[in-house]
Amino acid sequence: MKLRACLFALLVILPSAASADGVVDKLITPADRIRLNNYAQTRELAIAEARRGGEANEVAQLETILAKRVQTFRNFDMTGNWQCRTIKIGGQLPLVIYGWFKCRVTDDGSGWKLEKISGSQRTTGRFYDENERRLIYLGSQYVNDEKPKPYASGPETDQVGYAFRTGQKEWRIELPLPYYESKLDILEFRR
C-alpha cells in the first residue's frame, strides 16, 4: 500500500512530457491550466448533456466522432489544407454540429500552426507535444476578418485544448469550457 501511495505521489508531482522543457508552462495562462486540469470531467458532463438533449441525427454523428480510436502522431504530417467543422457540446444548446469550412496547418520551423481561414468563427494557434497520442493546443479565437489577438490576451479570445489523431487523414481538437456558448467544442479535421 505504501509503494502504491508513493508511486501516485510521484505521478502527481512529476511534470508531463509537454512541460518537461517548460514551454507550455511558460505560455499557458492560469485559467487555461485549470481548464486542462478539469478536461475529463468537463468532457463527460458536456457529452452527457448532448446525449440527453441533442437531436438524434446529431447525437449519432457525435457518437461516430467519439468512437474513433486515438492514434499516435508519430510519422503524421499535419501540414497542408484541411476541411474543418465545429461541434458545440453542452451549454446553451445540448449539441450543434456546423458545416465544413477551410483550415490550414503550416510548419514555420518552430512547430505546427493552425489557422481556420473560412467561416465567421475562426482560430489560430500552435501545437505543443504532450505525448505521442495527445498534443496541447494554445490558440486565439476571433470573428470574421478581425485581426487575431495573440494567445494570453484574455479569456474572451484564449483557447486551450487537446489534439488527437483519429486516422490517416483525420484528427480533432477538444476545447474544454470555451468562453462562448458551450461546455466543450470539438474542432474536427479531414483531408
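## About the model

Because the model is predicted, local features need pLDDT of at least 70 and side-chain atom pairs count only at pLDDT 80 or more, while totals for chains, interfaces and linings use all residues. Residues are numbered from 1 along each chain as its sequence is written, and side-chain values use heavy atoms, with hydrogens and water left out.

## The disulfide

Let's start with the cysteines. The structure holds one disulfide (a pair of cysteine sulfur atoms within 2.5 Å). Its partners are Cys-84 and Cys-103, with an S to S distance of 2.1 Å. Cys-84 sits in strand S1 (residues 80-89) and Cys-103 in strand S3 (residues 101-107), so the bond ties together parts that are 19 residues apart in sequence. Strands here are DSSP runs of E with at least two residues, numbered from the N terminus.

The torsion about the S-S bond of Cys-84 and Cys-103 is about 80°, so this disulfide is right-handed. Are the two cysteines buried or exposed? Cys-84 is buried, at 0% relative accessible area, and Cys-103 is buried too, at 1%. Buried means under 20% relative accessible area, exposed over 50%, and partly exposed in between (1.4 Å probe, protein chains only).

## Two residues in a loop

Now find the loop between strand S6 (134-143) and strand S7 (158-167), where Asn-144 is found. Asn-144 is not a glycine, yet its phi is positive, about 50°. Asn-144 counts as partly exposed because its relative accessibility is 40%.

Ala-152 lies in the loop between S6 and S7. What is the phi of Ala-152? That angle is near 80°, a positive value in a residue other than glycine. With a relative accessible area of 45%, Ala-152 is partly exposed.

Key
Helices (H or I, at least four residues) and strands (E, at least two) are DSSP runs, numbered from the N terminus.
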